[in-house]
Amino acid sequence: MTAHNATLSNTRDVTASPVNAIFIGAGAVGCFYASRLHHPDQNVRVSLVARSNYKAIAESGVQLHTRSFGDYTFKPHAVFPTVQAAAEATGAESSGKAPSSDTSEAPVISAWDYIFVTTKALPDRADDSATIAPLVGPTSCIVLIQNGVGVEEPYRKRFPTTPIISAVTVVSAEQTSPGVVRQNRWTRISLGPYTDGLGSADADADADDKGRNGELGRKGARHIERLRTWWGGPAGGGIRDVDAYDEVGLQTVRWHKLCINAAFNPSAVLSGGRGNADMLTDPELRAHLLGVMDEIWDAVPRILGRPFPESMATPERIIESTERNTGARPSMLLDWEAARPLELEVILGNPVRIARARGVELPRLQSLYALLRSAQKMRSQGGHDRQQQREKSRI
């Protein structure tokens, strides 16, 4: 037995019993991490729920062109067009199709051990915790690879006894056409257990909450070690920078990424469509961006009870790095230009509410939230009004 397989045996009692993982969201990030987790020869089997790209992936798998691992084809264990179809696969045949199989029938799945959510976080549009509910069983673990802060709370409320892993990724990847993904640089993913955002170390928690949180945290930590084994190492997925944190440590990573997202994303929209480095050439915008980051940086110790570690880039260092990244246009700006919903709540609304609950005000973030929320509402209302006008003109 190889050292890697021995490690796998230690993380699961019987490797002959398959580990079934499913990714909800077959975009660039989901497909990349799913492809590095899929080890059918070691009974770690990864499936996808795909929507717009379902036909392409069901027929040909995912074609990956990566900077880190070369070019390869990822053929999931099964591909499903909906969450319901994936739910029906547990114990019964369903309409899902497994590209790696010689038949068009999907394999029977005993249960979904890992449920990964890699969709855009839009809690103001849909409750993703309700969406995945048909997949969650007594032995499931939920893994959230999403932007922003506060993304975990709806899942914890709906699934109070289910282990949840919160994940933050830094990866440059894009889906260039349905079922074709290009990874340009970076592969870092940070993992931490989630109980209530503060863990059993919260001094305000009562004894029952501390006990429950402690057990959930320990289960989450065990799942994290499994994922690090399957994702990392030369005999696994080969991703070197899979980092494990405790609960507050992972939330600190989330808030650090928020320093960048909350400053640059909404400002790119409100400045009229300017890119990140371009905004920094304007003295007033530069002062504004630094002010937003400093506001978060100063508030986090009061929100989480722990400061940012010295290893994390300060706002000044983030500014210096961004100046060199000319041509970069943040995802929120691209979504705005394409008239897609914006991740306003998890990047702006949730931070303001979470901070306020801890007695901390974030006035700069609150202003950005109020302005951009109103702009999105007015544009949506304008589109509705124009549609009504078109319908009236046809009468």
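# Briefing on a predicted protein model

Glu323 is found in helix α11, where helices (H or I, at least four residues) and strands (E, at least two) are DSSP runs, numbered from the N terminus. The structure is a predicted model, in which local features need pLDDT of at least 70 and side-chain atom pairs count only at pLDDT 80 or more, while totals for chains, interfaces and linings use all residues. Residues are numbered from 1 along each chain as its sequence is written, and side-chain values use heavy atoms, with hydrogens and water left out. The protein has 14 helices and 10 strands.

**Overall features**

- Of the 395 residues of the protein, 51% count as buried; buried means under 20% relative accessible area, exposed means over 50%, and partly exposed lies in between (1.4 Å probe, protein chains only).
- When contacts (heavy atoms within 4.5 Å) between residues at least 6 apart in sequence are considered, 69% join residues at least 24 apart.

**Surroundings of Glu323**

- Glu323 counts as partly exposed, at 35% relative accessibility.
- Ala277, Leu280 and Arg286 are touched by Glu323, not counting residues up to four places away in sequence.
- Between Glu323 and Asn276 there are 7.7 Å in space, C-alpha to C-alpha, although the two are 47 residues apart in sequence.

- Two packed helices are described by the angle between their axes and the distance between the axes.
- The axes are lines fitted to C-alpha atoms, for helices over the stretch in contact, and angles run from 0 to 180 degrees between N-to-C directions.
- For α10 and α11 the angle is about 140°, and their axes are 9 Å apart.
- This makes α10 oblique to α11, given that angles under 35 degrees count as roughly parallel, over 145 as roughly antiparallel, 65 to 115 as roughly perpendicular and the rest as oblique.
- The crossing in which α10 passes α11 is right-handed; a crossing is left-handed if the near helix is turned anticlockwise from the far one by less than a right angle, and right-handed if clockwise.
- On the α10 side, the contact is made by Arg286, Leu290, Met293, Asp294 and Trp297; on the α11 side, it is made by Pro315, Glu316, Ile318, Ile319 and Glu323.
- By class, the contact of α10 with α11 has six nonpolar, no polar and four charged residues, where Ala, Val, Leu, Ile, Met, Phe, Trp, Tyr, Cys and Pro count as nonpolar, Asp, Glu, Lys and Arg as charged, and the others, Gly among them, as polar.

**Packing of α8 with α13**

- Helix α13 (residues 344-357) packs with α8 at an angle of about 125°, with their axes 10 Å apart.
- The helices α8 and α13 are therefore oblique to each other.
- The crossing in which α8 passes α13 is left-handed.
- In α8, the residues Trp255, Leu258, Asn261, Ala262, Asn265 and Pro266 meet Val346, Ile347, Leu348, Pro351 and Ile354 in α13.
- The contact of α8 with α13 has nine nonpolar, two polar and no charged residues.

**Salt bridges**

- Side chains of opposite charge can pair when their charged atoms come close.
- A search of the whole structure finds 17 salt bridges, each being a side-chain nitrogen of Lys or Arg within 4 Å of a carboxyl oxygen of Asp or Glu.
- One of these joins the side chains of Arg306 and Asp246 (3.1 Å, N to O).
- Arg306 lies in the loop between α10 (283-304) and α11 (315-324), and Asp246 lies in the loop between β10 (242-244) and α8 (247-270), so the pair ties together parts that are 60 residues apart in sequence.
- Arg306 counts as partly exposed at 32% relative accessibility, and Asp246 counts as partly exposed at 40%.
- Arg356 forms a salt bridge with Glu361, with the closest N and O atoms 3.3 Å apart.
- At 43% relative accessibility, Arg356 is partly exposed.
- Asp335 and Arg340 also meet through their side chains in a salt bridge (2.8 Å, N to O).
- Asp335 is buried at 7% relative accessibility, whereas Arg340 is partly exposed at 40%.

**Residues with positive phi**

- Asn43 has a positive phi of about 65° although it is not a glycine, and Asn43 lies in the loop between α2 (28-37) and β2 (44-49).
- Trp186, likewise not a glycine, has a positive phi of about 65°.
- Trp186 lies in strand β9 (residues 180-194) and is partly exposed, with a relative accessible area of 44%.
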